Amino acid sequence: MTESTLLTVALQDRSYPIDIGAGLIEQAGKILAPLIQKPRVYIVTDENVAEHHLAPLQDSLQTSNIDSDYLILPPGESTKSFANLQVVVESMLSAKVERSTTVIALGGGVVGDLAGFAASVTLRGIDFVQIPTTLLAQVDSSVGGKTGINTGQGKNLAGSFYQPKAVLVDTDTLATLPDRERLAGYAEVCKYGLLGDLKLWEWLEKNGEKILSGDDKAITHAIEASCRAKARIVAEDERESGVRALLNLGHTFAHAFEAELGYSGALLHGEAVAFGMLMAFDLSVRLGLCPASDIDRVRTHFETVGLPVNPPELARNFTADVFLKHMAQDKKVADGALTFVLLHGIGQAFLTQNVSPRDVTATLNAALTA
Ligand SMILES: NC(=O)c1ccc[n+]([C@@H]2O[C@H](COP(=O)([O-])OP(=O)(O)OC[C@H]3O[C@@H](n4cnc5c(N)ncnc54)[C@H](O)[C@@H]3O)[C@@H](O)[C@H]2O)c1
Ligand SMILES: [Zn+2]
């Protein structure tokens, strides 16, 4: 077997391993055989991923005598819909999946969120395994058990907490990932540094460009550090009643822009998270909570690697009010008040409900006119 790093998400009887390494898809049959109830899996993937990574996965499963069916969906954020939830559930039922069948989500966050949600409702819940193939999914969405789809009202508003049985991170899959997607995933790596780990942030300032140019060692280090941080936070607060909400740094802003600009590919999730995190810094500086030098430091790094530091031109057709309304739809609203992730500085995020709409509007206006 190839060398890999094994982490654990510690959730009592729902604990599971995260296996990180090169060439793991080739080993998938062997790795999964002891983890699944019966040697039968149903693979959900998308067209782009299937082109490169479906056949090797099928071969590996076959070698270990695991039967597999598969479903290939169109790629893109708009796939995370009610309509496709129906497609996935009914395709699995037509293929006569049983409660002992395991769903494999082979793809990015879109496939993982949708297939995980489908697994959680099919036959009242069948096991699923994540094989994430984007940097974003490898450092974030495949770990932690949040599954779901988008609705007309906004991002991820229907879904479930449903933990996978295992996460297999094959770093080789990133070789086929388009640069823009890799960069978008890098924004979520930065998130872990910015919210709670100044040392990681400093390492990223030095090594970020290596990650983006495909340096294996740097990529593996970034994935391990991110998964370790996520596993720790999820183990502490699986259902987001506290500390897990810190992982939403920048996301309340990001989701509002994603909801308004549609899920067309004009704006990728990670891109929205990049300028969304800068907006969280802007709001924190405005409220006198964070030194202005920190926002400059983050902006400089984002500019160096090519992450967006402002919303796209397209957003300028809208007023701040439009985005405020989306933010009020966010899941983080409690008693009508939005919970914000703000910062005392790099690596020092905290939660607060104590933010006036006037200050949020000022941050939105600054971003929309920058
Ligand atoms: N569940 C969570 O905790 C969580 C966390 C963060 C983000 N998300 C969700 O994740 C989604 C974004 O995920 P994403 O950025 O992975 O997007 P994605 O799944 O749409 O993948 C991005 C693009 O890359 C292609 N692709 C994927 N892997 C590839 C590969 N190895 N080679 C070539 N092409 C490949 C896909 O077909 C797609 O076109 C959003 O819907 C977001 O809400 C969920
Ligand atoms: Zn995210």
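Reader: Which residues are closest to ligand 1?
Author: This is a predicted model, where local features need pLDDT of at least 70, side-chain atom pairs count only at pLDDT 80 or more, and totals for chains, interfaces and linings use all residues. Residues are numbered from 1 along each chain as written, while chains are lettered from A and ligands numbered from 1 in written order. In the shell are 31 residues, each near the ligand (C-beta, placed from the backbone, within 6 Å). The closest are Asn-48, Pro-75, Gly-108, Gly-109 and Ser-141.

Reader: Why does ligand 1 lie between two domains?
Author: The bounds come from an automatic or database domain assignment. Both domains give residues to the shell, so ligand 1 lies between domain 1 (4-176) and domain 2 (179-369).

Reader: How many residues of α4 are buried?
Author: α4 (109-121) is among the elements that supply at least two shell residues; helices here are DSSP runs of H or I, at least four residues, numbered from the N terminus. Buried means 20 or more other C-beta atoms, placed from the backbone, within 10 Å of the residue's own. Gly-109 and Ala-115 are among the buried residues of α4. The count is 12 of 13.

Reader: Which residues have the most contacts inside the largest nonpolar core?
Author: Such a core joins buried Ala, Val, Leu, Ile, Met, Phe, Trp, Tyr and Cys residues through C-beta atoms within 7 Å. The largest has 107 residues. Those with the most contacts inside this core are Val-44, Ala-115 and Ala-280.
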